[in-house]
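Keep the view open beside you as you read.

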Amino acid sequence: MIDKYNYTAQRVLTNWIIFFIVSLTAYLLFCYLVTDFAYVNTTDKYAYQAAVAIALIAALLTKSSLNLNEKLIYYIRLSVKCTLCYLLIYYSLSKLMGVMFTNSISELDAPLGAARPITLCWRFFGANWQFMAIIAAGQLLAGIFLFSKKYQYFAAIAAFLLLAFIFVLDIFYITHLLIPVSMMLLLCLYLLTPVWSSIENVLLNKKQVLPFAPALTFFNKKAKAINVVLIIFFISLSSFISYQRTYKMIAPYLRPTILFGGWKVKSALLLSDSSWSKLYFEEDNTCVIKLQNETLLYATFSLDTIFKKISIKDENSILVNSAYILQTDKLSFTKPGNDTVLLQKFTIPNLGIQKNMFNFFKNEK
Amino acid sequence: MDYTNYTGYVNWGLKNKIALRFFIIFFVLLAFPFMIDAYIPVLSKAFDWYYDIYKTAVPWFGEKILHTTYIDPGDFYGGDTLFSYVMIILLFIVAFTGAAIWSIIDQKPRNYNHLLYWFTLSIRYYLALIILMYGFGKVIQTQFPYPNLFKLNQTFGTQLPMGLLWSFMGFSKSYNFFTGMAEVVGALLILFRRTLTIGALILVTVLSNVVMLNFCYDVSVKLYSSLELTMAMFLAGLDYKRLLNVFFKNKTALPLVEFKPFSKPTYFFISRIIKWLLIVYVLFYNYKENAAYLASTAEITKKQPLRGIYDVEIFVLNNDTIAPLTTDTIRWRKLIIEYPNRAQIKLMNDSTRGYTVTLDNTGKSLVLMRNGDTLQKNYFKVVKHNINLLQFKGNWKTDSLTVTLKKMDENKYLLNSRGFNWINETLNR
């Protein structure tokens with residue numbers, strides 16, 4: 001693998017990774033020393049983009065001057081694998097656990113035309129958990145097998161293909177993940193650079209191809225064993241952290257309130273005004289209010305089931321803070337100004353969606 | 001042996017011979033002559049006698065032997081129909097019987113290298129011709145058109161999974177182009193021996209996605225897309241030893257020596273000319289057909305002057321103005337008119353009904369007819385019609401009705417107006 005370091009692309013990408021880490025660290029250090037991180041929250045995304053660009057320019061300028069030894073390249077590649085592995089495991093678990101591509105009930109009841117392209121994409125993938133699970137399994141396996149000596153290049157190709165699919169969706173359905181995904185794609189390409197000519201020979205030229213992964217000469221048996229243990233530990237830790245993070249996000253959705261569902265305001269008149277037409281009490285204590293003119297208000301609600309009190313508030317004001325009466329599919333409460341709201345529960349078709357693996361296994365039983 | 005060409009390492013023992021005979025018969029029965037008449041419409045009638053055999057044999061086999069329910073011979077061209085499944089079972093049986101008879105007749109010790117080569121070549125061309133059809137359908141966006149007005153108004157939850165897939169794909173012309181190009185490139189690459197492996201691997205990737213979508217979103221071509229994926233996997237598998245050695249076993253992959261089917265250079269030259277003529281014809285034919293379809297769709301759209309989404313402003317039934325109560329089951333909320341003559345009425349309680357709308361040549365009267373009920377025709381006189389407003393009055397079943405509608409700007413829909421943005425500051429909502 002190391003003798004292929006002579007490739008310009010390999011050199012540029014290795015240098016790029018080093019410069020990226022250095023420039024981002026320098027920027028964050030600067031922020032810490034000068035501003036005590038005051039600006040980091042608002043400008044970190046630009047810093048991220050700037051670091052990518054600066055690193056690329058620096059890598060192109062120094063493409064022939066940096067002379068890295070075998071061991072350093074090994075560790076750079078290992079760190080790249082760790083980064084990719086963690087991200088792949090994280091995104092995989094996010095899909096399996098239903099954090100990504102969730103379908104809220106208000107969105108299921110909204111017309112397709114009112115959705116943004118990304119929402120359309122989100123709803124589409126969220127509509128079938130099995131499809132998501134297959135992609136997630138691919139990501140998970142690719143992430144883990146990146147550390148395998150034999151299968152690392154196949155894993156990198158698989159990861160590259162999956163990420164290319166996501167990258168294309170990011171571009172055409174206008175999501176906010178374009179930069180991280182393109183970074184991951186570059187990292188995959190970096191892992192593949194030593195074997196580009198071999199891949200070309202096996203797929204196109206039909207020439208002889210030597211084994212991809214020769215034995216590492218600078219590690220003794222003990223060091224190799226420690227490496228394996230550390231890699232297993234890293235994969236386990238990544239999975240644990242990812243699980244914790246995603247579970248924290250999904251937890252509120254697993255315990256919906258008694259009001260969960262869509263509610264129609266009874267006897268409301270269809271006028272182009274701001275009176276309420278429908279209410280959607282989501283699983284995570286958020287509430288979406290659809291006005292008669294079809295605009296949506298996003299709010300949060302809290303419920304006191306002992307004293308039968310409900311409170312709904314948006315960013316600016318308290319919309320409801322009163323007692324409520326709930327009778328199976330009928331709900332009533334009072335808005336400020338003694339305006340009583342009568343609501344009737346209605347069923348929202350949901351494509352038979354299974355949102356996450358918890359629901360999937362529950363349904364299977 | 002210093003090469004790993006698939007015709008070089010096949011041990012032509014009895015098992016391999018029987019397998020090849022079986023697959024040749026199965027493939028010929030499955031594929032011939034569908035791609036010929038698909039690309040040369042003049043010949044479509046010439047094979048009717050052949051198709052009639054299928055249309056007779058398959059329902060008979062299904063109903064009499066497998067004791068299935070009624071099988072409609074009209075489903076011959078269908079997707080995941082009972083006809084198709086029974087046909088595949090029948091073809092398996094016929095191919096198995098044929099292979100057994102062939103094996104009894106032909107017992108001479110000889111290799112099947114040439115036969116394997118021509119069999120592989122047939123699969124390459126058959127698969128390429130099918131995939132090019134689908135590929136061009138995506139590149140020119142005839143397979144997945146942009147969601148129509150009914151779709152734009154339909155809520156997510158009420159869509160069928162397949163409908164949602166169509167809307168998702170149809171939204172992005174660029175994504176259609178990308179997926180279509182992947183299919184076109186893969187299909188073209190498998191037509192050349194040197195690029196066969198990479199082309200087959202591209203098709204395996206693309207078709208895996210297609211098959212997964214077909215299964216997960218209940219698209220009714222699961223069977224045929226699976227067969228196409230199997231063919232692509234077979235083509236990629238021709239180089240499986242080298243691929244396994246390189247990607248999974250970390251062993252040396254030996255160079256591949258190409259099998260040469262022609263002994264004389266003249267034959268090779270002629271085959272090249274035929275191949276290029278075929279490629280040019282197929283590309284031209286697919287482009288022409290899809291472009292013509294697109295143009296005809298655009299033409300139909302122009303012929304429906306009322307096309308649009310209308311909000312009902314005033315609804316007067318029997319001289320009584322009905323208030324827009326959200327629980328009302330009679331008053332209309334929206335009228336959507338789509339090309340060529342389809343209409344949908346959305347009531348106040350969000351339920352929808354489909355109608356056929358006919359506007360006379362003068363544009364002064366229109367007829368609304370309930371789908372599936374030709375007897376119930378509602379005649380209306382158009383009182384006002386301009387860019388923003390439509391008013392008509394007439395009879396609605398046994399009542400008199402006057403409706404005033406306001407046309408909605410389609411660009412109010414985010415999906416239509418969002419456009420492309422490099423920088424996205426907000427998250428999903």
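Predicted model: local features only at pLDDT ≥ 70, side-chain atom pairs only at ≥ 80, totals over all residues.

1. Of the contacts in chain B with a separation of 6 or more, 57% are between residues 24 or more positions apart.

2. Chain B contains 14 helices and nine strands. Its radius of gyration is 28 Å, while the globule rule gives 22 Å for 429 residues, so chain B is more spread out than a compact globule. You can see this along the principal axes too, where the C-alpha trace of chain B spans about 90 × 60 × 40 Å.

3. Now for the surface of chain B. Buried residues are 45% of its 429 residues. Chain B exposes about 22,200 Å², and 64% of that comes from carbon and sulfur atoms. As for charge, chain B has 45 positive and 28 negative charges, and their mean positions lie 6 Å apart.

4. Setting aside neighbours within four places in sequence, Phe125(A) is in contact with Phe101(A), Phe131(A), Met132(A), Phe165(A) and Leu169(A) in its own chain, and with Phe168(B) and Tyr217(B) in chain B.

5. Phe125(A) is also one of the buried residues of H5(A). This helix covers residues 117-126 of chain A, and 10 of its 10 residues are buried, so H5 is largely enclosed by the rest of the structure. Among the buried residues are Pro117(A), Trp122(A), Arg123(A) and Gly126(A).

6. What covers the buried residues of H5(A)? From chain A, the cover includes helix H4 (105-108), helix H6 (129-145) and H7. From chain B, it includes helix H8 (161-171), helix H10 (196-216) and helix H14 (414-417).

7. One last stop is Val12(A), in helix H1 of chain A, residues 8-35. Is Val12(A) buried or exposed? Its relative accessible area is 12%, and buried means under 20%, so Val12(A) is buried. Val12(A) and Thr62(A) are 50 residues apart in sequence, yet their C-alpha atoms are 7.8 Å apart in space.

Key: Residues numbered from 1 in each chain as written. Chains lettered and ligands numbered in written order. Heavy atoms only, no water. Contact = heavy atoms within 4.5 Å. Helix = DSSP H or I, 4+ residues; strand = E, 2+ residues; numbered from the N terminus. Rg over C-alpha atoms; globule rule 2.2 N^0.38 Å. Buried < 20%, exposed > 50% of the residue type's maximum accessible area, 1.4 Å probe, protein only. Areas by Shrake-Rupley, 256 points an atom, 1.4 Å probe, with all protein chains shown as cover. Lys, Arg positive; Asp, Glu negative; His and termini not counted. Charge placed at Lys NZ, Arg CZ, Asp CG, Glu CD.
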